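Here is a short report on selected residues and their surroundings. Keep the model open while reading.

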Amino acid sequence: TLDELRPVLAPDIARAAIFDGWSEKAVDAAAEKAGVDPSVARLAFGEGAMQMIGAWVASVDGAMERGR
């Protein structure tokens, strides 16, 4: 589902955002790295930058809870 895809892509979107900003270009780069159709990835982050940032923060929180 899109809800399951967001935390998978969020860390790589954040890495790409260093160069591309919180943009569709960053989403596309993360999708390519994960082997996900870029159009599906863009759909998962259709609300834009704040949704990308929120997913990244949630992924960091989740990693901390898991002790990573």
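Contact here means heavy atoms within 4.5 Å. Proline 38 sits in helix α3, residues 38-44. Helices are DSSP runs of H or I with at least four residues, numbered from the N terminus.

Proline 38 counts as partly exposed because its relative accessibility is 30%. The classes are buried (under 20% relative accessible area), exposed (over 50%) and partly exposed (in between), with a 1.4 Å probe and protein chains only.

## Basis of the model

This is a predicted model, in which local features need pLDDT of at least 70, side-chain atom pairs count only at pLDDT 80 or more, and totals for chains, interfaces and linings use all residues. Residues are numbered from 1 along each chain as its sequence is written, and side-chain values use heavy atoms, with hydrogens and water left out.

## Glutamine 51

Glutamine 51 belongs to helix α4, residues 49-65. Its relative accessibility is 16%, so glutamine 51 counts as buried. Beyond neighbours within four places in sequence, glutamine 51 contacts Arg6, Ala44, Phe45 and Gly46.

A polar atom of the glutamine 51 side chain lies 3.0 Å from the backbone nitrogen of glutamate 47.

The structure holds 1 aromatic pair. Tryptophan 22 and tryptophan 56 form it, in a tilted arrangement, with 6.1 Å centre to centre and 50° between the planes. The pair links distant parts of the chain, 34 residues apart: tryptophan 22 is in the loop between α1 (2-20) and α2 (24-34), and tryptophan 56 is in helix α4. Rings of Phe, Tyr and Trp (its six-membered ring) pair if their centres lie within 6.5 Å; planes under 30 degrees apart are stacked, over 60 edge-to-face, and the rest tilted.

Tryptophan 22 is partly exposed, at 30% relative accessibility. Tryptophan 56 is also partly exposed, with a relative accessible area of 34%.

## A nonpolar surface patch

Trp56, Val57, Val60 and Met64 make up a nonpolar patch on the surface, with about 360 Å² of accessible area together. Such patches join nonpolar side chains (Val, Leu, Ile, Met, Phe, Trp, Tyr) within 5 Å, from residues with over 30% relative accessible area and no salt bridge. A salt bridge is a side-chain nitrogen of Lys or Arg within 4 Å of a carboxyl oxygen of Asp or Glu. Areas come from the Shrake-Rupley method with a 1.4 Å probe.

Methionine 64 lies in helix α4. Methionine 64 is exposed, because its relative accessible area is 61%.

Notes:
Helices (H or I, at least four residues) and strands (E, at least two) are DSSP runs, numbered from the N terminus. A polar contact is a pair of N or O atoms within 3.5 Å; within protein, one must be able to donate a hydrogen and the other to accept it, and residues adjacent in sequence count only if both atoms are side-chain atoms. Patches are made of residues with over 30% relative accessible area and no salt bridge: like charges are joined within 9 Å, nonpolar side chains (Val, Leu, Ile, Met, Phe, Trp, Tyr) within 5 Å.
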